[in-house]
Amino acid sequence: MYADICQLLNIQYPIIQGAMAWISDSSLVSAVSNGGGLGVLATGHLDGEGCRAEIRRIRELTDKPFAVNIMLLSQFADDIAQVVCEEHVPIVTTGAGSPGKFMPAFKEAGIIVLPVAPSVAIAKRMEKDGADAVIAEGCESGGHVGKITTMCLVPQVVDALHIPVIAAGGIADGRGMAACRMLGASGYQIGTRFLVAKECTVHPNYKARVIKAKDIDTTTTGQSTGHPVRVIRNRLAREFEALEKRAASAEELDALGRGALRRAVKDGDMDYGSVMCGQIAGLVTKEQPAKEILEDLYQDYLRVMSETTK
Amino acid sequence: MNFEKIRDIIAEQTGKDAEEITMETSVKDDLEADSLDLFQIINDIEDEFDIKIEDVENIKTVGDVVKLVDELSQK
């Protein structure tokens with residue numbers, strides 16, 4: 001069911017900035033929210049108090065709505081869910097699992113809940129659990145990925161659900177947004193394009209690598225661990241591929257990956273860091289202020305919609 | 001009774017033979033089901049028995065599923 005996401009979330013553009021661990025911190029989140037989109041704080045790398053500090057920093061920088069993402073595989077997920085309620089965060093997104101057990105607390109705190117779903121069955125479950133909308137994320141996205149493409153997942157989730165569906169994965173311009181609107185989406189989550197925002201505090205090497213990336217530059221690693229990730233193919237990714245070819249255990253694979261994202265984001269290690277990135281990176285060509293990215297995206301979307309439906 | 005229905009749903013989703021599936025069968029190791037497969041199986045079982053299974057994360061064996069279904073469908 002199509003719905004006005006801007007009204008639901010009280011934002012100007014129907015654009016949500018995807019949470020990216022170590023990357024979408026208070027600086028990026030507040031810039032996106034100030035620019036008229038929904039900034040989303042990543043907490044996969046934070047504990048409860050770290051999350052609380054970032055939430056308070058965001059509130060110093062913006063009075064617009066923002067969201068906190070809860071990475072459900074994190075050992076601190078319970079703490080973060082509690083902090084989010086205590087700090088009266090207006091909107092929560094969740095990843096890597098189903099937030100069922102937190103739903104009663106969120107609903108009691110009046111929080112709008114937008115879980116990310118990689119399949120129809122999981123999306124249906126989230127609707128039953130009381131989600132306000134679902135983010136159907138295809139495997140074109142960077143970071144943790146499911147198995148199905150945005151093109152195929154979005155219309156199937158739209159058919160299966162009554163609540164609105166936000167599309168994610170492979171969107172970096174107005175064409176991607178318009179395409180997802182055709183598939184039935186009410187809103188659009190975008191990650192890779194916001195990674196190169198001026199206000200994003202990721203290492204300059206990382207931004208440069210994403211800007212340089214071509215269509216075929218990413219790969220997914222770790223399928224055998226059950227939680228694969230999409231990254232730019234570099235030396236680390238090739239080591240993963242070699243390990244998986246000789247059927248290494250999930251423990252060995254997880255050990256190789258430990259600390260790798262931090263190396264990429266903070267130290268700028270493009271060879272042995274985990275350079276998480278979406279397949280659409282080839283369309284991302286310059287660093288811009290978040291506000292300008294949002295305006296470009298929305299104007300482009302309007303232009304595409306009016307030109308193709310003449 | 002419940003076991004047979006559950007076994008057949010699992011067999012259909014995973015492509016395994018029903019005869020290979022027992023109460024001790026491990027979802028992750030024997031059935032090679034990942035989290036997407038598991039949620040699909042749980043979804044189909046919930047529809048079949050008209051129940052809601054809350055604690056999906058702790059399911060390790062087919063026996064765990066049968067136990068949950070037995071408990072919930074008695075209510």
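Biologist: How many helices and strands does chain B have?
Modeller: Chain B has 3 helices and 0 strands, where helices (H or I, at least four residues) and strands (E, at least two) are DSSP runs numbered from the N terminus. Along the sequence the pattern is α-α-α. This is a predicted model: local features need pLDDT of at least 70, side-chain atom pairs count only at pLDDT 80 or more, and totals for chains, interfaces and linings use all residues. Residues are numbered from 1 along each chain as its sequence is written, chains are lettered from A and ligands numbered from 1 in the order in which they are written, and side-chain values use heavy atoms, with hydrogens and water left out.

Biologist: What radius of gyration does chain B have?
Modeller: Chain B has 11 Å, which agrees with the value near 11 Å for a compact globule of 75 residues. The radius is taken over C-alpha atoms, and the globule rule is 2.2 Å times the number of residues to the power 0.38. The C-alpha atoms fill a box of roughly 30 × 25 × 20 Å along the principal axes.

Biologist: And what share of chain B is buried?
Modeller: Buried residues make up 43% of the 75. Buried means under 20% relative accessible area, exposed over 50%, and partly exposed in between (1.4 Å probe, protein chains only).

Biologist: Which residues have the most contacts inside the largest nonpolar core?
Modeller: Phe194(A), Tyr206(A) and Ile45(B), in a core of 82 residues. A nonpolar core is a set of buried Ala, Val, Leu, Ile, Met, Phe, Trp, Tyr and Cys residues joined through side-chain atoms within 4.5 Å. A second, separate core has 23 residues, including Ile58(A) and Val89(A).

Biologist: What does Tyr206(A) touch?
Modeller: Not counting residues up to four places away in sequence, its contacts (heavy atoms within 4.5 Å) include Ile23(A), Leu261(A) and Met270(A).

Biologist: Switching topic: where does Asp267(A) lie?
Modeller: Asp267(A) is in helix H13 of chain A, residues 260–267. At 47% relative accessibility, Asp267(A) counts as partly exposed. Beyond neighbours within four places in sequence, Asp267(A) is in contact with His203(A) and Arg262(A).

Biologist: Is Gln288(A) buried or exposed?
Modeller: Gln288(A) counts as buried because its relative accessibility is 2%. Gln288(A) lies in the loop between H13 and helix H14 (290–308) of chain A. Leaving out residues up to four places away, Gln288(A) touches several residues, among them Arg193(A), Glu199(A) and Asp296(A).
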